[in-house]
Amino acid sequence: MTAASQQIASKSVKCAAQKRSRPKSSDIAKRLFDIIFSVSVLVLCAPVYLVLAVSIACTSSGSIFYVQERVGKNHRHFGCIKFRTMIPDADRLLHQMMAESEDLRQEFSENFKLKQDPRITKIGKFLRTTNLDEFPQFINVLKGEMSVVGPRPLVPEEIERYGTQIDRVLTIRPGITGLWQVSGRNDIPYAQRILIDVGYVKRRNFWLDLRIVFKTVLMTIIPKNNGAY
């Protein structure tokens, strides 16, 4: 290969790499929607946040917020922010409960949640049922760690459950809401949750996101039998 041919080949490879790394117009539009929607919610709902924060502080000791490690786009770990819904030292109590009960250990290993969790506070139960505990995650969206709509934000222990599908799921940011949240949440078997996340990544588009947001708002207003606990 001549020097000229090598130079042309090198330019072609460089151009192809730049093209692959260049964000799609749909991704840019989604990011703009995330920012505009998140800022609007944070500003318009500020009085609601204040009431919820005061309620949490007045009904149980501990921090108003709970930050949990999650895995985001391209396997990057981040701190997912929520309103605290559990008593202080909930993680230590969980280990104690599972050590004493095989049934609880089995349930948590399957779903990473307990349907009847004694660690949840009274205000925490309300926050979870209405999904209001997830409102602080709009800060994660503004930081570029999450999207308004996307796959579930996974804890590190869940990664291996996804097998070969995990790389596909983690090509985009996890969402505050998504297909899983509007399809039954924790009432859905874990294997089906994985299929839902993979299906969203394949099908995602702006109109699907809008439908999911609309359904999420309805479930917050009318939280009956939404699978949240």
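**Entry 1: two helices side by side**

Before I start, a definition I need: an axis here is a line fitted to C-alpha atoms, for a helix over the stretch in contact, and the angle between two axes runs from 0 to 180 degrees between N-to-C directions. I also note that I am looking at a predicted model.

I looked up helix H3 (residues 46–59) and helix H6 (residues 122–130) and found that they pack at an angle of about 150°, their axes 9 Å apart. Angles over 145 degrees count as roughly antiparallel, so H3 is roughly antiparallel to H6. On the H3 side, I listed Leu52, Ser55, Ile56 and Thr59 as making the contact, and on the H6 side Ile123, Phe126 and Leu127. Sorting these residues by class, I got five nonpolar, two polar and no charged.

**Entry 2: another helix pair**

Next I turned to helix H4 (residues 90–100) and helix H5 (residues 102–111). Their axes are 5 Å apart, and the packing angle is about 120°. That makes H4 oblique to H5. From H4, I wrote down Leu94, Met97, Met98, Ala99 and Glu100, which meet Glu102, Leu104, Arg105 and Phe108 in H5. The class count for this contact is six nonpolar, no polar and three charged residues.

**Entry 3: helix H2 and the surface**

I then asked myself which residues make the nonpolar surface patch of about 440 Å². They are Ile35, Val39, Val43, Leu44 and Leu142. Helix H2 (residues 25–44) gives the largest share of this patch, four residues. Leu44 is in helix H2.

Setting aside neighbours within four places in sequence, I found Phe33 in contact with Val148, Phe206, Leu210 and Val213. I also looked at Ser147: its C-alpha atom is 9.1 Å from that of Phe33, although the two residues are 114 residues apart along the chain.

**Entry 4: salt bridges**

How many salt bridges are there? I count six salt bridges. I picked the one between the side chains of Asp27 and Arg204, with 3.5 Å from N to O. Asp27 lies in helix H2, while Arg204 lies in the loop between helix H9 (190–203) and helix H10 (206–221), so this pair ties together parts that are 177 residues apart in sequence.

Definitions and conventions
Residues numbered from 1 in each chain as written. Predicted model: local features only at pLDDT ≥ 70, side-chain atom pairs only at ≥ 80, totals over all residues. Heavy atoms only, no water. Helix = DSSP H or I, 4+ residues; strand = E, 2+ residues; numbered from the N terminus. Parallel < 35°, antiparallel > 145°, perpendicular 65-115°, else oblique. Contact = heavy atoms within 4.5 Å. Nonpolar A, V, L, I, M, F, W, Y, C, P; charged D, E, K, R; others polar. Patch = residues over 30% accessible without salt bridge, like charges linked within 9 Å, V, L, I, M, F, W, Y side chains within 5 Å. Areas by Shrake-Rupley, 256 points an atom, 1.4 Å probe, with all protein chains shown as cover. Salt bridge = Lys/Arg side-chain N within 4 Å of Asp/Glu carboxyl O.
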